Amino acid sequence: MSVGFHELAEAPPRAMSSRLEGELLEVSLGPQHPSTHGVFRMNVALDGEIVRKLKPVFGYLHRNHEQIGENTSYLGSMPYTDRLDYFCSMTNNWAYALSVEKLAGIEVPERAEYLRVILAELTRLQNHTSLLGFLLSDMGAWGTPLMYAFREREKILDLFESLSGSRMMCDYMRFGGCRVDAGADWMERAEKVADGFPRFLDEFEKLITSNEILLARTQEVGRISAELAVNAGLTGPILRACGVNYDLRKVDGYGIYPRFKFRVPLGDHGDCYDRLMMRALEMRESLGILQQAFAQIPAGPVMNPKVKIRAFKPPAGEAYGRIEGPKGELGFYLISDGSANPYRYRVRPPSFINLTVLEDMCLGHTVADVMVILGSIDIVMGEVDR
Amino acid sequence: MESLERIKARAEEAVPGATIKIIPNASPANQPSLLIDSDHTLAVVQFLRNDAALRLDFCSNVTGVDWLDRTVTTKVKVKTLIDGEEKEIEQPQVENFPGYLETVYHLYSIALKHGPVVIRLRTADRADGVHLPSLTPVYRSAEFQEREIFDLYGIRFHGHPDLRRILMWDEFVDHPMRKDYREPDDYEYEPTPHDEVLERAKEHYAARPQLDGAENLAADEHG
Amino acid sequence: MNEGLLSELKKQGIFVTSLQELYNWGRLNSIWPLQFGLACCAIEMIATAASRYDLARFGGEVFRPSPRQADLIIVAGTVTKKMAPQVVRLYNQMPDPKYVIAMGACAISGGPFKQGYNVLKGIDRYIPVDVYIPGCPPRPEALLHAFMELQRKIEEQRLTGAGKADHLEASLPSEFPVPAFGEHDLQPPANPALFRPPAVERN
């Protein structure tokens with residue numbers, strides 16, 4: 001496969017197809033397809049096995065999140081944010097809470113900030129592990145890596161469940177803090193999970209990173225330049241895989257992230273392998289942040305007592321708040337007209353905008369590579385279509 | 001980053017003829033925005049992106065907003081002669097603001113790590129097929145988001161390379177995120193409705209009695 | 001055959017059964033679901049199939065990517081109007097006997113997204129559902145429970161006589177019309193032969 005790519009890179013594209021005289025074959029991949037991560041569809045024009053054109057088709061999970069958000073109260077949208085990117089409900093909650101806090105000028109108590117960091121980093125861990133599992137499964141490593149990944153994910157979901165009452169749809173954060181406090185036993189368990197995680201990472205990296213098939217399927221596949229990545233609005237690990245140093249935890253320093261020491265891993269080539277390794281390296285950094293947070297977390301209230309979250313009416317105005325979600329920049333843009341419902345409720349979905357360059361990444365590769373490239377972008381349809 | 005007033009002044013200087021207005025934002029977020037006239041949008045945005053001090057190379061978020069026609073009643077003090085004496089009395093004054101559609105772009109700089117600069121474009125009215133310039137030629141990231149706004153709000157973007165519906169199917173004719181859109185009456189309202197749902201439930205059962213299914217069952221019984 | 005005689009024969013090492021029991025026993029222990037996820041519930045479906053909850057204990061771990069090889073479609077997630085024709089088409093492509101589990105509030109009724117203009121208010125408007133699981137999303141245990149309910153249902157299906165299973169009744173359809181995309185809504189908004197909501201008195 002890698003040989004084919006090099007040929008293609010050196011010769012003009014038509015030279016490849018001279019062997020395969022004929023018309024382009026149009027194939028519809030999805031919306032029901034085992035590797036499209038949900039109900040995503042691509043219309044692909046193929047020359048033999050080579051992709052010559054690719055048009056994504058959206059909307060198969062468009063469930064009107066923004067319209068419902070405008071018809072419900074500020075608090076009422078919080079559980080809906082869980083269902084945006086259903087892997088990462090905690091970070092979605094945080095992004096929404098942050099935007100409302102900006103809109104109304106609300107302070108968050110210290111302990112709640114620490115809890116948010118802990119939960120967001122745990123979310124990042126389980127998102128990236130699941131992603132690696134799915135990505136390998138797209139490459140044909142059917143079952144095993146995904147089972148390993150889900151085994152670790154379950155440990156984190158158990159933590160979420162005992163804290164918030166739900167495995168996936170946590171609905172845990174509120175504007176002005178968090179819903180309930182975490183007890184000492186929860187902290188102990190969370191620390192244990194975090195301490196055990198590097199063992200899994202070592203094992204997983206040993207399993208995957210030097211695997212010859214994985215290297216052949218990912219290196220030099222789906223390359224993208226840093227200029228295009230910035231212009232197309234890519235964010236998150238995909239942007240950093242191109243070598244652009246832009247992590248909102250550093251740039252915006254929202255919450256209490258400036259207090260933690262961590263590095264931002266950067267890639268070189270912007271190919272699938274770099275994107276994959278970005279996740280593996282980010283997980284190590286997340287574990288570092290977790291350790292610091294567990295050591296520093298103070299006692300105190302987790303909710304700002306001045307905030308009336310029921311019948312909440314922020315002053316008229318608008319605010320855009322954003323955080324570094326596991327998939328990229330997750331933002332909420334709210335326009336308030338002073339009433340109990342937002343006038344405009346907009347989600348900036350990272351995985352939707354990251355798909356802008358899907359065609360650029362796939363052109364000239366084989367149709368089998370499309371699945372790997374799509375897997376490396378890390379999409380969740382709940383967020384793509386909202 | 002320099003102040004919005006300064007950005008406005010410099011942009012107006014760089015693009016002759018452009019009119020830029022600062023839209024204040026009263027909320028604690030303090031994110032005021034620049035309203036740019038649609039004739040000079042591309043030039044102004046290119047200035048914002050290429051200017052060495054700004055370098056807003058990253059268009060993060062594109063939002064459509066629908067503003068309905070509004071009437072605002074304010075009390076105004078008017079001086080009138082009453083019984084030969086000049087008095088100041090309060091009179092209600094009704095002002096009509098016509099509705100419009102709006103797109104909001106949040107621009108950041110990845111190179112210089114600052115932002116946001118919020119820019120807005122407004123249409124003249126809410127008619128079907130209103131136009132605005134597309135920013136996709138400058139920022140690829142606007143491509144899908146502008147398609148989404150076209151789909152849900154019905155703003156046509158000049159210069160967009162591939163303006164089609166994105167979320168709804170191609171045969172769909174409405175623009176469902178507009179504030180005056182009514183969704184098809186396709187659900188049986190719950191047994192204990194209240195508030196707004198109750199109002200809709202009443203309409204539902206008055207307008208479409210055939211959908212409650214009773215006739216179907218009755219028809220079955222008779223053969 | 002009476003129970004006493006059966007157990008007596010069993011003690012002698014003779015196992016007597018009916019064709020119906022044997023056939024149903026075979027079917028219920030190897031239900032192949034369609035590998036088909038729509039939204040959040042699909043992740044719980046994957047979790048159910050993964051090592052911790054292990055759907056394989058019930059013979060349901062063989063997820064088939066093609067509807068032609070599947071016995072069961074788990075409608076796991078919100079069915080949007082744009083997706084509904086595809087779901088019906090997938091159902092139509094499955095061979096008989098086929099079963100449907102509506103997993104989660106959205107697949108049952110639209111759930112939390114019921115107000116949405118693009119959300120189908122329950123998949124039972126277009127295809128018949130065998131087991132409904134409430135929850136948002138249902139826990140893996142709930143999916144396992146639904147799976148066992150389905151097995152119970154299959155076990156009780158009769159092969160002959162009055163009240164035999166639907167798929168053996170030649171007069172009953174095994175495919176349902178696929179709705180078309182209309183200008184404002186799907187056409188028709190529901191299959192009137194299948195979907196009969198209860199009449200509500202309102203004044």
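User: Why is helix α3 of chain C described as largely enclosed by the rest of the structure?

Analyst: Burial means under 20% relative accessible area, with exposed over 50% and partly exposed in between, using a 1.4 Å probe and protein chains only; nine of the ten residues of α3(C) (residues 40-49) are buried, so the helix is largely enclosed. Helices (H or I, at least four residues) and strands (E, at least two) are DSSP runs, numbered from the N terminus. This is a predicted model in which local features need pLDDT of at least 70 and side-chain atom pairs count only at pLDDT 80 or more, while totals for chains, interfaces and linings use all residues. Residues are numbered from 1 along each chain as its sequence is written, chains are lettered from A and ligands numbered from 1 in the order in which they are written, and side-chain values use heavy atoms, leaving out hydrogens and water.

User: Which elements do the buried residues of α3(C) pack against?

Analyst: With contact taken as heavy atoms within 4.5 Å, they pack against α7 (144-164) of chain A together with β1, β2, α5 (104-109) and α6 (140-155) of chain C. Among the buried residues are C:Cys40, C:Cys41 and C:Met45.

User: How many residues of α4(C) are buried?

Analyst: Eight of the ten residues in α4(C) (residues 84-93) are buried, including C:Val87, C:Leu90 and C:Tyr91, and the buried residues pack against β1 (72-76), β2 (99-103), β4 (180-181) and β5 (186-187) of chain C.

User: In what order do the three strands of the open sheet in chain A lie?

Analyst: Strands pair if DSSP finds at least two bridges between them; here the order is β6-β7-β8, with antiparallel pairing, and β6 (317-325) and β8 (342-348) of chain A are the edge strands.
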